[in-house]
Amino acid sequence: MTIQWFPGHMAKARREVTENLKLVDIVFELIDARLPLSSRNPMIDQVIHQKTRLLILNKMDMADEVQTKKWIAYFASKGMPAVAINSLEGKGLQSVFKAAKELLKPKWDRMSERGMKPRAIRAMIVGIPNVGKSTLINRFARKNIARTGNTPGVTKKQQWIKFEKEIELLDTPGILWPKFEDQEVGYKLALTGAIKDSVINMENLAVYGLKFLQEHYPKRMEERYKMTEMHEDLVDTFDHIGKLRRTYGSGGEIDYDLVAELIIRDIRNLHLGKLTFDFVE
């Protein structure tokens, strides 16, 4: 399955990000804690260059805690400071402010030496669709300023969000890259909802999800679907899950489309527990 999804507004957003970098002190690169590597757009590195950056692993409540700690240590070893948060519940937000202040301290010290008064941090937030940018902004601002939604691509234009005296934040639309060279990255992004379901073969995606569970979280798979591994025949696998979860169509036969949707929904809604799809190893 080849996954490509690059709406026109995303190409425009990339240009706007490049143009507005000079207006900000720091870039907040928001990534999915379940996909610390796959949810990092490689184009972002090309666009922001040497601008001070803080990696924010959002949705930590949905990710494997052990793997999240490993990823934060990994990024730190690469000279890329990272913090983990749950923007939906507001957990970890103070760590963002603290890390940003530490990273910008040398700049603030130089400004102070020149007799310039301290001001709010000016930050740009970037990331792929559906990683939680708007939710984070609203949590920071303590009110619904940015539009939110489960559908990728809700934010279509840039907007400045000002709150308190701490920070001024420039929101940007989510930016996906035109083509995934590694198709497994496309599967992972689709499985976590970063790509619209309408452009995906859901049965193929469900099969990928089951294979991933079989390899990395077999106990979760056994608890949920009463099987330790997939059958050689995929039809038998879908039949087994369909009978277990009673996904019958109007004719009394297993509805394979419903089975696929059920598997994907189980993964996205934590019915199989907290999962991480990228591993440091």
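Biologist: What percentage of the 281 residues of the chain count as buried?

Modeller: This is a predicted model, in which local features need pLDDT of at least 70 and side-chain atom pairs count only at pLDDT 80 or more, while totals for chains, interfaces and linings use all residues. Residues are numbered from 1 along each chain as its sequence is written, and side-chain values use heavy atoms, with hydrogens and water left out. A residue is called buried under 20% relative accessible area, exposed over 50%, and partly exposed in between, with a 1.4 Å probe and protein chains only. By that rule, the buried share of the 281 residues is 50%.

Biologist: How many helices and strands are there in the chain?

Modeller: Both are DSSP runs numbered from the N terminus: helices are H or I with at least four residues, and strands are E with at least two. The chain contains ten helices and six strands.

Biologist: Among contacts in the chain between residues at least 6 apart in sequence, what percentage join residues at least 24 apart?

Modeller: Contact here means heavy atoms within 4.5 Å. Of the contacts between residues at least 6 apart in sequence, the share that joins residues at least 24 apart is 68%.

Biologist: Are helix 4 and helix 5 roughly parallel or roughly perpendicular to each other?

Modeller: Axes are lines fitted to C-alpha atoms, for helices over the stretch in contact, and angles run from 0 to 180 degrees between N-to-C directions. Angles under 35 degrees count as roughly parallel, over 145 as roughly antiparallel, 65 to 115 as roughly perpendicular and the rest as oblique. Helix 4 (residues 93–113) packs against helix 5 (residues 133–141) at about 85°, with the axes 11 Å apart. The two helices are therefore roughly perpendicular.

Biologist: Which residues make this contact, and how do the residues of the contact of helix 4 with helix 5 divide by class?

Modeller: Helix 4 contributes Leu93, Val96 and Phe97, and helix 5 contributes Leu136, Arg139 and Phe140. Ala, Val, Leu, Ile, Met, Phe, Trp, Tyr, Cys and Pro count as nonpolar, Asp, Glu, Lys and Arg as charged, and the others, Gly among them, as polar. The division is five nonpolar, no polar and one charged.

Biologist: At what angle do helix 6 and helix 7 pack?

Modeller: Helix 6 covers residues 183–191 and helix 7 covers residues 202–216, and their axes lie 10 Å apart. In this contact, Glu184, Tyr187, Lys188, Ala190 and Leu191 of helix 6 meet Asn204, Leu205, Tyr208 and Gly209 of helix 7. By class, these are five nonpolar, two polar and two charged residues. The angle between the helices is about 95°.

Biologist: Which residue forms a salt bridge with Arg53?

Modeller: A salt bridge is a side-chain nitrogen of Lys or Arg within 4 Å of a carboxyl oxygen of Asp or Glu. At 2.7 Å between the closest N and O atoms, the partner of Arg53 is Asp45.

Biologist: Is Arg34 buried or exposed?

Modeller: The side chains of Arg34 and Asp32 meet in a salt bridge, 2.7 Å from N to O. Asp32 has a relative accessible area of 4% and is buried. Arg34 also has a relative accessibility of 4%, so Arg34 counts as buried.

Biologist: How many residues apart in sequence are the parts that Asp266 and Arg224 tie together?

Modeller: Asp266 and Arg224 form a salt bridge with their closest N and O atoms 3.2 Å apart. Because Asp266 lies in helix 10 (residues 256–268) and Arg224 in helix 8 (residues 218–225), the pair ties together parts whose separation in residues is 42.

Biologist: What distance separates the C-alpha atoms of Gln67 and Thr276?

Modeller: Gln67 is located in helix 3 (residues 65–77) and is buried at 8% relative accessibility. Neighbours within four places in sequence aside, Gln67 is in contact with Thr276, Phe279, Val280 and Glu281. Although Gln67 and Thr276 are 209 residues apart along the chain, their C-alpha atoms are separated by 6.8 Å.

Biologist: In which loop does Glu166 lie?

Modeller: Glu166 is partly exposed, at 30% relative accessible area. Not counting residues up to four places away in sequence, Glu166 touches Phe97, Lys101, Ala120 and Ile121. Its loop is the one between strand 5 (159–163) and strand 6 (167–171).
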